[in-house]
Structures are given as structure tokens and as C-alpha cells.
Amino acid sequence: MTTDNATAVPAVSARDTPPATSLALDHLSWSVGGAVIVDDITMHVTEGEFVALIGPNGAGKTSLFNLVSGLTRPTAGTVTLSGVDITRHAPHKRARLGMGRTFQTSSVFADLTVGANVGLAVQARTGESRRFWKRAGADGGPETAAALELVRLSHRADAMAGDLSHGDKRKLELALLLARRPRLILLDEPMAGVGAGEIGELTTVIRDVHREQGCTVLMVEHHMEVLLDMADRLAVMHHGALLAFTDPDSAMADPAVQAAYLGDGA
Ligand SMILES: Nc1ncnc2c1ncn2[C@@H]1O[C@H](COP(=O)(O)OP(=O)(O)OP(=O)(O)O)[C@@H](O)[C@H]1O
């Protein structure tokens with residue numbers, strides 16, 4: 001959608017995006033050197049659902065994320081995205097099918113402005129020519145503005161990305177994801193390194209992104225207070241296996257979860 005009035009366009013509104021994707025993991029396993037890191041996980045995430053993946057340190061959460069996003073190949077099992085078997089797809093091919101991922105480490109261009117970072121991501125998706133880029137302006141145009149507004153960073157559009165606080169960097173990473181219009185978002189510890197004072201707003205932003213976009217979210221996070229309030233279901237991993245996959249109250253009341261997860265003091 002294009003217009004001359006940048007601020008009036010909800011360029012990433014739920015209305016003009018396709019339905020959220022669904023993710024099915026079936027008997028997914030990954031072993032390295034004889035050690036089973038991900039152990040026969042079957043988990044079906046429905047369209048538009050918000051699932052939090054939790055578990056003690058070393059439970060296998062990042063390894064599972066790597067299997068879902070295609071950074072590693074499973075030893076056994078399948079990954080299905082909206083009914084398409086993507087088990088053998090490379091990460092870029094999964095991205096083209098609507099999968100977006102953030103990492104524990106920041107991936108923004110520190111020497112570019114916030115607006116330019118998002119503008120480049122928009123440009124990368126649309127494949128617009130340099131001519132369009134000039135016409136759209138250094139900030140990338142209305143879609144950039146809409147993404148920055150959604151993550152509450154409009155007021156920092158002209159700041160250098162490297163000067164942002166940890167919390168604002170995480171918001172920028174979300175805006176970069178939005179620019180690619182993903183239907184499934186994988187968030188790997190978005191609160192990592194974020195100060196206590198910024199966690200509340202970042203939580204609100206993630207919730208807004210999920211609601212506004214109607215996308216499916218799978219998030220690894222250690223801050224339980226954030227997750228219990230946000231997630232439709234908790235997927236609890238321990239020693240590579242899935243201990244529970246249910247609503248937050250039921251998961252936290254599960255004795256096996258309490259023994260394995262809380263017992264490890266995570
Ligand atoms: N490439 C690898 N080779 C060998 N072992 C690995 C490899 N990647 C992960 N592991 C091991 O697999 C286990 C699970 O690691 P993983 O990082 O997936 O856990 P996690 O739940 O994400 O932990 P954390 O909460 O600390 O990030 C750990 O014991 C780790 O040492």
C-alpha cells in the first residue's frame with residue numbers, strides 16, 4: 001500500500017496481511033556426538049497463538065529454535081509450516097515462507113539511524129530500486145513509520161542505532177522483523193540484557209505486535225512474570241524433552257514441571 005501521507009498508513013495492519021501461519025513439530029530430535037539434545041518433540045502451534053518456550057538452562061530451547069528456523073537439521077522428525085514440510089528448507093527459504101527470528105545477540109546496524117535500519121529491511125523485502133529508495137526518503141517511507149510506531153520508537157527514528165538502550169535495541173529488532181512481514185515470529189530471549197525499568201514497555205510492545213499483526217509467536221524467555229501474563233500456552237522443556245504443553249496455569253501447577261523446571265532454580 002502506498003500513499004503520500006506517511007503517518008496515516010497502517011502499513012503493517014492485520015487487515016491487509018494473510019492469515020497467521022501454524023507450526024507443527026512432529027517427533028523432532030537432534031543429537032550431537034551421541035548426546036540427545038532435542039528428544040522426540042511433538043508440538044502443534046495454532047494460527048495466531050502465542051507460545052512461550054521455557055525450561056532450565058541447557059534444556060534445549062535454543063537448539064529447538066535452531067531446528068525450527070533451519071540453522072540446524074534434525075536427526076529425526078519434521079517441521080511443518082502452514083501444512084508445508086520445511087524440514088529440509090534453508091533459513092532464507094523459511095523466511096520467504098513467513099518465518100522471522102530474533103537472536104539473543106543484537107543484529108542492528110549500529111552506525112545507521114533507527115529509521116535507516118528499518119528502511120533497509122523494508123527495501124530488502126520489497127526489492128525496490130534505488131530510485132524508489134531515493135523517492136521514499138532516507139527513512140524508507142510509510143511502512144518504516146508504521147513499524148516504528150508499532151514498536152514505540154518513532155521518536156528515535158533519527159537516532160543512531162548504536163546509541164539506543166538495550167530495550168530500545170530490542171524494539172528496533174522487532175521493527176526489523178515486522179518490515180519482513182513475518183507470519184511466525186521466533187523471539188529468542190527478547191528481555192536478555194534489558195534493564196528492569198524497560199521490561200514493562202518491551203512486554204507491551206511484544207504484546208501489541210502480536211495483537212496488531214495477528215501473527216503466531218514462539219518466544220524463549222526466562223522472565224516468568226512476563227510469560228504468564230502473555231502466553232496462550234507454555235511449552236516446558238527439560239533435558240531436551242517436552243514436559244508440558246498447556247495453558248500457563250496448568251503448566252505451572254504440573255508437578256513434573258515444578259520438580260524439573262522450578263527445582264532447577266531457573
Ligand atoms: N552444537 C552443539 N554441540 C554439542 N552440544 C550442544 C550443541 N549445542 C547445544 N549443545 C548442548 O545442548 C544442551 C542444550 O543447549 P541449548 O542452548 O539448546 O539450551 P537452552 O535451553 O537454550 O539453554 P539456555 O537457557 O542456557 O540458553 C546444552 O547442554 C548444550 O551444551
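**Exercise 1.** At roughly what angle do the axes of helix H5 (residues 142–150) and helix H6 (residues 166–179) cross? State how the two helices are oriented and which residues meet.

*Solution.* This is a predicted model, in which local features need pLDDT of at least 70, side-chain atom pairs count only at pLDDT 80 or more, and totals for chains, interfaces and linings use all residues. Residues are numbered from 1 along each chain as its sequence is written.

Step 1. The axes of H5 and H6 cross at roughly 135 degrees and come within 9 Å. Axes are lines fitted to C-alpha atoms, for helices over the stretch in contact, with angles from 0 to 180 degrees between N-to-C directions. Helices are DSSP runs (H or I, at least four residues) numbered from the N terminus.

Step 2. H5 and H6 are therefore oblique to each other; angles under 35 degrees count as roughly parallel, over 145 as roughly antiparallel, 65 to 115 as roughly perpendicular and the rest as oblique.

Step 3. Glu 143, Ala 147, Leu 148 and Leu 150 of H5 meet Ala 175, Leu 178 and Ala 179 of H6 (contact: C-beta atoms, placed from the backbone, within 7 Å).

**Exercise 2.** Determine which residues of H1 (residues 61–69) are buried, and what follows Ser 69.

*Solution.* Step 1. The buried residues in H1 are Lys 61, Leu 64, Phe 65, Asn 66, Leu 67, Val 68 and Ser 69 (buried: 20 or more other C-beta atoms within 10 Å of the residue's own, C-beta atoms being placed from the backbone).

Step 2. Because 7 of its 9 residues are buried, H1 is largely enclosed by the rest of the structure.

Step 3. After H1 comes Gly 70, with a positive phi near 95 degrees.

Notes
A residue is buried if 20 or more other C-beta atoms lie within 10 Å of its own, exposed if 12 or fewer, and partly exposed in between; C-beta atoms are placed from the backbone.
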